[in-house]
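Visitor: I would like a close look at one part of this protein, the salt bridge and its surroundings. Could you walk me through it?

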Amino acid sequence: MSRTRQHYTPEFKFEVVLEVLKEERTITEIATAYHIHPNLVTRWKSEFFEGGAKAIFARDKKVDEI
């Protein structure tokens with residue numbers, strides 16, 4: 001049986017990254033609270049620092065369109 005890949009909205013990703021930036025909890029605690037893997041949180045954080053909000057919101061779009 002195959003599992004379908006979970007897709008997260010840009011708003012959800014941004015909410016998680018903002019939670020990480022507050023530095024009130026560890027990445028593991030945040031990932032557990034949102035029921036996602038800690039590596040995913042770390043990747044979203046890296047994408048945010050590399051390209052800002054455009055990196056998170058432009059997953060399937062051209063960056064210039066935003």
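Guide: Happy to! Let's begin with Glu-19, which counts as buried because its relative accessibility is 15%; here buried means under 20% relative accessible area, exposed means over 50%, and partly exposed lies in between, with a 1.4 Å probe and protein chains only. The model is a predicted one, in which local features need pLDDT of at least 70 and side-chain atom pairs count only at pLDDT 80 or more, while totals for chains, interfaces and linings use all residues. Residues are numbered from 1 along each chain as its sequence is written, and side-chain values use heavy atoms, leaving out hydrogens and water.

The side chain of Glu-19 meets that of Arg-25 in a salt bridge, at 3.1 Å from N to O. The term stands for a side-chain nitrogen of Lys or Arg within 4 Å of a carboxyl oxygen of Asp or Glu. Side chains of opposite charge can pair when their charged atoms come close. Arg-25 is partly exposed, with a relative accessible area of 34%. A search of the whole structure finds one salt bridge.

Glu-23 lies in the loop between α1 (10-22) and α2 (27-34); helices are DSSP runs of H or I with at least four residues, strands are runs of E with at least two, and both are numbered from the N terminus. Phi of Glu-23 is near 60°, a positive value in a residue other than glycine. With 68% relative accessibility, Glu-23 counts as exposed.

Back in helix α1 you will find Leu-21, which is partly exposed at a relative accessible area of 34%.

As for confidence, the mean pLDDT of the protein chain is 84, and 79% of its residues reach 70 or more; pLDDT is the predictor's confidence in each residue, from 0 to 100. Among the elements of the chain, α2 has the highest mean pLDDT (97) and helix α4 (residues 53-57) the lowest (68).
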